[in-house]
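These are my notebook entries on a structure that I went through step by step. I wrote down what I looked up and what I found each time.

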Amino acid sequence: MISLTVPAWAENMGERSASRDLPFRLERVATLDLPWAIAPLHDGRLLVTTKPGEIWLFDGETGVSLRNVPEVQFSGQNGLLDVAAAPDFAQSGAVYFTYVSPQNALVLARARLGDGALEGIETLWRQTPGGRGQPGGIIAFGPDRMLYLSVGDRMQPDTAQESDNPRGKILRLTPGGEPAPGNPFSGSATRAATWTEGHRNPYGLAFAPDGRLWSHEMGPRGGDELNLITPGLNYGWPEVSNGDNYTGWPIPDHDTRPEFAAPSLWWTPVIAPAGLAFYVGDDFPDWRGHMLIGALRGQGLVLVAGDGSDQLARWDLRMRVRDVAVDRAGQVWLIEDSGSGGLYRLVPR
Ligand SMILES: [Ca+2]
């Protein structure tokens, strides 16, 4: 059923239709107010954030809302964002999370997961200056145990090309939030933390089983992108995009400026990608090594070849999918972007 044909040239995936022939059924486990991110823990429990500002811990179908979560700016795209377990979570109990502060700054924080509460909260990194919407905020830990963080352009596109501004960048930080050794640039703390630049609003960031880092980002009107992340490269926003401005004013396409790294795949009309996870496990053997991408506007789930060469499938789930995650047991989870949003487990057919 899945084609592994590799196109000769990156092409637009947006015009391919979605299928209602689902190789799984959706089991609704819980209902949450605007869930934003899922983080499976090693022991089968799940952390789920909500944009208004809660972090839920699920053990099976039983969920508790953790105490001591910091106040967030809940407005538009801003709020409590991503959550991730530390690589040494089994020993340290440490979790990392991102949020937009009441002062508009994207913040990266760390805490210990205590009994029904966050304990010992530390702010590790804070965006200066802050901004408006489009916060990014996705956390991914690398095989090098460093922390990779996406920062959106905060709706100020030109700043994605300003080298001393964290907007529109992917950062590589130590687990304590400092610029990581071995980064491609040097200079200010922001520059020294920068891994790649020229991004718009990346809501997906994940390492493949082969150790390569992938990201996707929402384009403007058209031009959602899937990018292979290579240190030191500039991904072109807002100088180039395969989409256009919302005003209809055209933006030069990626292929007019070869000095900017071009996407592996792109989508026009947009799917509004959100969440990125590589599949490892037994529930869906055909998906092993490939990536799963949630779609907000696209209202579904997208399966992309693990080397970024092709979209293998796109399923119409008739809901805005905000995040997708794979747990240690190989189960796939997703959440629905809604005020009565479902937490779902995918059950193979
Ligand atoms: Ca780009």
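Before I can speak of bridge partners I need a rule: two strands pair if DSSP finds at least two bridges between them. I also keep in mind that this is a predicted model.

**Entry 1: a hairpin**

I began with strand β2 (residues 35–40) and strand β3 (residues 46–50), and found that β2 and β3 pair in the antiparallel sense over five bridges. I looked up one of these positions by name, and the bridge partner of Pro40 in β3 is Leu46. The two strands form a hairpin with five residues between them, and in the turn Gly44 has a positive phi of about 95°. I then asked how many of the six residues of β2 are buried. Five of the six are, so I noted β2 as largely enclosed by the rest of the structure.

**Entry 2: the strands around β16**

Next I turned to β16 (224–229), and looked up its partners on either side. Strand β15 (residues 213–217) is joined to β16 by five bridges, and the two run antiparallel. Within this pairing, His216 stands opposite Leu226 in β16. The hairpin of β15 and β16 has six residues between the strands, and there Gly222 takes a positive phi near 95°. β16 is also joined to β17, by three bridges and again in the antiparallel sense. Here I noted that Glu225 has Trp266 in β17 as its bridge partner. As for burial, five of the six residues of β16 are buried, so I put β16 down as largely enclosed by the rest of the structure.

Tyr235 has a relative accessible area of 1%, so I count Tyr235 as buried. His254 is at 3% relative accessibility, and therefore His254 counts as buried too.

I looked up Met13, which is found in the segment before β1 (24–32). Its relative accessibility is 0%, so Met13 counts as buried. Leaving aside neighbours within four places in sequence, Met13 is in contact with Leu265, Trp266, Trp267, Asp310, Gln311 and Arg314. I also compared Met13 with Asp224: they are 211 residues apart in sequence, while their C-alpha atoms are 9.6 Å apart in space.

Asn201 counts as buried because its relative accessibility is 1%. Not counting residues up to four places away in sequence, Asn201 touches several others, among them Gln77, Gln134, Glu217 and Met218.

**Entry 3: aromatic rings**

How many aromatic pairs does a search of the whole structure find? The search gives 13. One of the pairs I looked at is Trp56 and Phe58, whose ring centres are 6.1 Å apart and whose planes are at 20°, so this pair is stacked. Phe58 is at 3% relative accessibility and so counts as buried. In another pair, Phe97 and Tyr99, the ring centres are 6.0 Å apart and the planes at 25°, so these rings are stacked as well. Both Phe97 and Tyr99 are buried. I also found that ring pairs link Phe24, Tyr279, Phe284, Trp287 and Trp315 into a cluster.

Then I looked for charges placed over rings. The charged end of Arg191 sits over the ring of Phe185, 3.7 Å from the ring centre. Likewise, the charged end of Arg322 sits over the ring of Tyr203, at 5.6 Å from the ring centre.

**Entry 4: the record**

Finally I consulted UniProt, where an unreviewed entry lists residues 32–345 as "domain: Glucose/Sorbosone dehydrogenase". In the model, the span of residues 32–345 is 3% helix and 41% strand, and its end C-alpha atoms lie 14 Å apart.

Conventions: Residues are numbered from 1 along each chain as its sequence is written. This is a predicted model: local features need pLDDT of at least 70, side-chain atom pairs count only at pLDDT 80 or more; totals for chains, interfaces and linings use all residues. Side-chain values use heavy atoms; hydrogens and water are left out. Helices (H or I, at least four residues) and strands (E, at least two) are DSSP runs, numbered from the N terminus. Buried means under 20% relative accessible area, exposed over 50%, partly exposed in between (1.4 Å probe, protein chains only). Rings of Phe, Tyr and Trp (its six-membered ring) pair if their centres lie within 6.5 Å; planes under 30 degrees apart count as stacked, over 60 as edge-to-face and the rest as tilted. A charge sits over a ring if NZ of Lys or CZ of Arg is within 6 Å of the ring centre and within 35 degrees of the ring normal. Contact means heavy atoms within 4.5 Å. UniProt positions are given in the numbering used here, feature names are shortened, and annotations may be inferred rather than shown by experiment.
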